[in-house]
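Please read this briefing alongside the sequence and the 3D view. It is meant for a reader who is meeting this structure here.

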Amino acid sequence: MMLGSRGNTVEPTTSTSRTPYQVERKELYDRASKDASSPTFKRIIPPARHGLGSQPAMAASAKAGLKDNPAMSFVMLTDSQVVPAQAITNGYENPRSKANSSKPSSESPDADPPNLSQQIQSTTRLFEILSARSDIDHPVCTECTDLLLSQLQSRLSSATKERDAYISFLKSLKTSIPTPSQLQIAQKSLAETRAAEAKAFCDLLALEKEKADLDAEIASLEAESLALDAKEQDFWRSRNAFALTLSEFQNDRDALNAAYDHDAQQLERLQRTNVYNDCFCISHDGHFGTINGLRLGRLPPPQNVEWAEINAALGTAALLLVTVAEKLDFEFKGYRIKPLGSTSHLERFELPPSSSSPATPPSQSSSTGTITPAPTARPSPTHSLSQRPKTQTLDLFSSGDLPLGAGRFLHRRLDAGMVAFLECIRQLGEFVEDSAAAGAPVPESPNSAAPRSVESQTARPGIVKLPYPIKKDKISDVSIKLA
């Protein structure tokens, strides 16, 4: 049947000048028929009746049959809506033939009038068949009929195209029947393809096995990577803790270094600091030498210095000499200095000339500056008083200017005290010179002025000596006496 078909597509024969249905109704119908399936309710179609009676009885029986079926929905048609038999074609009513159905047929005047009951029965039968195939109750309105016709027409067109495609394919198959040689080549190619497929399948199995091994290795590497990540986190935690501890240690070290530097600078400053320089500042003011700002000297009347200032300067110089002697652990021979400020004086010790034994120089305490007789053999009681040294007090101060003729006499005590003071300076200078000549280290001078010139170069033997020679009451042939 498919080969005998010509493959002509059925073209629609209905053409109207107006749209047979509304667009909204078309869209509603498309949505409803898109998911159309088998009918939900199965309708029972009554069998066709034969030997119908008169027209009223036939109509009554048809109405009764429709009402007896509860699954059927129907529409009762009036006599004016009944379509003649000539308008029914291929099982459905053509709506365009309604206008011509009311006109009498002039082409067949001898034809029998149609049987109304048969028409009603045929129409009802058709409606029942249509309603049994879907959930839509028939008859339907004209617009729905047009929609149904257009849908069926499109289905018919697609079915016809599919039929034509099958026919052309069948013809091409019949024309392209392979020869035995082509079959052999195809079978050989099929065998090669199957062999290649088997080889590829084996390769695929090997690759899958290798992939499984790689997956297992990747899993082990991932586990190792996680363990390394955990170790790395622990390392960074410990490293951060160590960095914090190191930072604290460094801060402590820097603080200690800063404190050490400060203390070292303070120590160096204190080492450079000489308390004797602060206590006994020796300088000059014009022609006068000064000690702690006190001038020491006398000039003609326009440049006179008050005796109170001179006495204070002499007391400060006596205190300086005692301090230097204590620092160098030196004892004056025959003298003891008592620094008492503006009323300082010296004590000179002399043994009686009638003593048969040579006089032993008294010893001086290094801590108080006092001079005590040197220890000798215990004398007898009869000679103890005659061998005791004689003490003479020498003043290092003056009471001031005296009247003419009396100054020379009263200044003799000051002159004697100044000569004794100069003798003590000479003894201390000789002690320093002897110590430097013997190579013994001499302590640094406690003052940076006059005594400094005597003791500042003690590291080199034979160099330390007084800047001016002292002999009795003269310094470099210049006498210091006032009387």
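Predicted model: local features only at pLDDT ≥ 70, side-chain atom pairs only at ≥ 80, totals over all residues.

Residues are numbered from 1 along each chain as its sequence is written, and side-chain values use heavy atoms, with hydrogens and water left out.

**The chain as a whole**

- The secondary structure of the protein chain amounts to eleven helices and twelve strands, these being DSSP runs numbered from the N terminus (helices are H or I, at least four residues; strands are E, at least two).
- Of the 483 residues in the protein chain, 20% are buried, where buried means under 20% relative accessible area, exposed over 50%, and partly exposed in between (1.4 Å probe, protein chains only).
- Among contacts in the protein chain with a separation of 6 or more, 63% join residues 24 or more positions apart, a contact being heavy atoms within 4.5 Å.
- The protein chain exposes about 34,400 Å², of which carbon and sulfur atoms supply 57%; accessible areas come from the Shrake-Rupley method with a 1.4 Å probe, and for residues only the protein chains shown count as cover.

**The sheet E6-E7-E10**

- Three strands in the order E6-E7-E10 form an open sheet with antiparallel pairing, and strands count as paired if DSSP finds at least two bridges between them.
- Strand E6 (335-338) and strand E10 (390-395) are at the edges with a single partner strand each, so one side of each has no neighbour in the sheet.
- E6 and strand E7 (residues 345-350) pair over four bridges, with isoleucine 337 opposite leucine 346 and tyrosine 335 opposite arginine 348.
- The hairpin of E6 and E7 has six residues between the strands, and in it glycine 341 takes a positive phi near 70°.
- Helix H10 (residues 412-437) lies across E6, E7 and E10 and runs at about 105° to E10; axes are lines fitted to C-alpha atoms, for helices over the stretch in contact, and angles run from 0 to 180 degrees between N-to-C directions.

**The sheet E3-E4-E5**

- Another open sheet of three strands has the order E3-E4-E5 with antiparallel pairing, and its twist averages 40° from one strand to the next.
- E3 and strand E4 (residues 288-291) pair over four bridges, and aspartate 285 stands opposite phenylalanine 288 in E4.
- Helix H8 (residues 307-328) packs on this sheet, where it touches E3, E4 and E5, and its direction makes about 90° with that of E5.

**Salt bridges**

- The count comes to 13 salt bridges, each defined as a side-chain nitrogen of Lys or Arg within 4 Å of a carboxyl oxygen of Asp or Glu.
- Aspartate 395 forms a salt bridge with arginine 413, with the closest N and O atoms 3.0 Å apart.
- Aspartate 395 lies in strand E10 and arginine 413 in helix H10, so this pair ties together parts that are 18 residues apart in sequence.
- Aspartate 395 is buried at 13% relative accessibility, whereas arginine 413 is partly exposed at 48%.
- Within helix H10, glutamate 430 and arginine 426 lie four residues apart, about one turn of the helix, and their side chains meet in a salt bridge (2.3 Å, N to O).
- Arg336, Lys338 and Glu347 are linked in a network of salt bridges.

**A nonpolar surface patch**

- Phe169, Leu170 and Leu173 form a nonpolar patch on the surface, with about 270 Å² of accessible area together.
- Patches are made of residues with over 30% relative accessible area and no salt bridge, with like charges joined within 9 Å and nonpolar side chains (Val, Leu, Ile, Met, Phe, Trp, Tyr) within 5 Å.
- Leucine 173 lies in helix H5 (residues 142-175) and is partly exposed, with a relative accessible area of 43%.
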